[in-house]
Amino acid sequence: EMRRRKRTMMLHRLMEQLKNNKKSVFNHAAQIIILLVVIKYFYDMINPIIKVAQYSHPTMDDYWMTTYVHEQWLENHSVLGFIAAAFRYAIGIYKTWDGNFLSMFITSMSPAVFGDYAYSFTFYFMFVTFCIGSLAAMYAILYRRFRMPLINCVSMALLFIAFFMNFLVNAGEGLYWWPGVANYTFFFGMFMFAHSMSALYWESHRKVFLVIASIFMFLVGLGNPFTSLVSACLCAYEAAFTIYEKRTAKTLNWIPLACAVVGLIVVVAAPGNKSRMPIGHLSVFETIKGCFVDGTKFINAMNKPPMYFYYGMTAIISFWSFYGCSDGMERKFKLPIPVSVLLLCLYYASFSPTKYTQSGYYGRVLDTNFFVMMTMFTIIIMYLCAWVALWLKGRFNKAAVNYVVGFIAVCTVILSVKTLKKPDYLNTSVASMAAGALQFGTVQEYDRILDERYEELVNSPYWDVYITRAPYVPMFYHDDDSSRQAIADYYRKNVIIAE
């Protein structure tokens, strides 16, 4: 009788192991299929965006914001002198015009200083830093903190990068224009990297992550006030939520938040900000009201049909990750509604610097709002879907349901990607505009005209130099509206623009 019971128990364990192995094989196969589909979509969308980067040229603020550093470079060709000149320029701007110290420091070191042919570095610099920040955030927050399967984390990171760069409000200012990249887009990647280091510290309690997080929180704080404000608020959210989860509040845990706040104060309190402030500003109540009004309008404007596919893919991957792919070690998703409301409020807060100062919604500013919207909406969707998945899993956990959900996830991603490649959905994307410009040669012609203008400005032996504006500027580049005086100061010529 004992032997028969042992054989029955062994057979039962063997059957359970086979079921688990079968489930594991299915999950890994489905995750890999989704990843391969996403990689193909990522490549198709990013490839033309990368190709047109080589034809970008400096314009407008590139000249007057880098003239001083350019002169120092021409005089001594010293890297240290180049950096020192940028630092002196940033201090001067901080005192007289703009409090975004680190933004101005980086902006003054434009690749255009080394010649127009080096200007394509603008996009590559932005692309690499943004990808590093996105992948670090997905690893630290989704994988380490919330225990989402790593392959699915990579898929979500690639989707986030592809959709952000494809449907940016103003690619000309956010992807290919150095003042827009150095002031705004670069700090998006730094923002995600800083908070990923903070998340890794909360999970591992290793001091090295605390130090890195604190340094980068401070540096983000020294950037533009939009990213600085959102970063400080999100850091406060993270600290409060983690203390709520772990019921502890160590002094060290507040250091990243303190660094973020100090950086923000340094920017806001700059003497130079007074010269840019309009006469009078909105009250706090009017600012809050205006943020909700403008933020809601922006959501309606930016949630184009392609974005619904992004939200749908994010939702199904998140739901399946925590319902069928999790190993029982996933983090509990507490307070889903309060967390979602707070993150949504954080999105609306990104409009407050513009509303309070009554300044304009420039393309680069709207790019910042779009980044915050995508980031907050991605976290909200993931959090809510994970909470629902774990709630259902605790009450209705069947292997057959896992297979159905996994199959739906694979089909959803494949059909979404296939649909997004149709002309009706591609027309509004940066990739479509870039591919069209490459195909018809308009971007190459634009590059040829500006190359000739650059050679004339640099090599002409005459004091008076006649130049013309580009007759056509591709939609994904910044307008060729540089002032005559700015170009003249930069190249040390008497520039005459033939209108």
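This is a predicted model: local features need pLDDT of at least 70, side-chain atom pairs count only at pLDDT 80 or more; totals for chains, interfaces and linings use all residues.
His 205 is not a glycine, yet its phi is positive, about 60°. Most residues other than glycine have a negative phi. The relative accessibility of His 205 is 38%, so the residue counts as partly exposed; that class lies between the buried limit of under 20% and the exposed limit of over 50%.

Leu 335 is another residue that has a positive phi without being a glycine, here about 50°. Leu 335 belongs to the loop between H14 and helix H15 (336-349). With a relative accessibility of 37%, Leu 335 counts as partly exposed.

## Asn 303: a buried loop residue

The loop between helix H13 (284-302) and helix H14 (305-323) holds Asn 303. Is Asn 303 buried or exposed? Its relative accessibility is 13%, and therefore Asn 303 counts as buried, the limit being under 20%.

Leaving aside residues up to four places away in sequence, Asn 303 touches Tyr 308, Tyr 311, Met 373 and Phe 377.

Thr 314 is part of helix H14. Its relative accessibility is 2%, so Thr 314 counts as buried.

Which residues does Thr 314 touch, not counting those up to four places away in sequence? They are Met 156, Thr 378 and Ile 381. Thr 314 and Met 156 are 158 residues apart along the chain, but their C-alpha atoms are separated by 6.7 Å.

## The two sides of helix H20

Helix H20 covers residues 430-440, and its buried residues include Val 430, Ala 431, Ala 434 and Ala 437. These four lie on the same side of H20, because they cover an arc of only 130° around the axis. The general rule behind this is that an α-helix has 3.6 residues a turn, so residues three or four places apart point the same way.

Gln 439 and Phe 440 are exposed, and they are carried on the face of H20 turned away from its buried side. After H20 comes Gly 441, which has a positive phi, near 80°.

## The chain as a whole

How many helices and strands does the protein chain have? There are 22 helices and two strands. Taken along the principal axes, the C-alpha atoms fill a box of roughly 105 × 55 × 45 Å.

Of the 499 residues in the protein chain, 55% are buried. Consider the contacts between residues at least 6 apart in sequence: 83% of these join residues at least 24 apart.

## Surface and charge

The protein chain exposes about 22,800 Å², and 67% of this area is supplied by carbon and sulfur atoms.

Among the side chains of the protein chain, 43 are positive and 31 are negative. The centres of these two sets lie 22 Å apart.

Definitions and conventions
Residues are numbered from 1 along each chain as its sequence is written. Side-chain values use heavy atoms; hydrogens and water are left out. Buried means under 20% relative accessible area, exposed over 50%, partly exposed in between (1.4 Å probe, protein chains only). The arc is that of the directions from the helix axis to the C-beta atoms. Contact means heavy atoms within 4.5 Å. Accessible areas come from the Shrake-Rupley method with a 1.4 Å probe; for residues, only the protein chains shown count as cover. Lys and Arg count as positive and Asp and Glu as negative; His and the chain ends are not counted. The place of a charge is taken as NZ of Lys, CZ of Arg, CG of Asp or CD of Glu.
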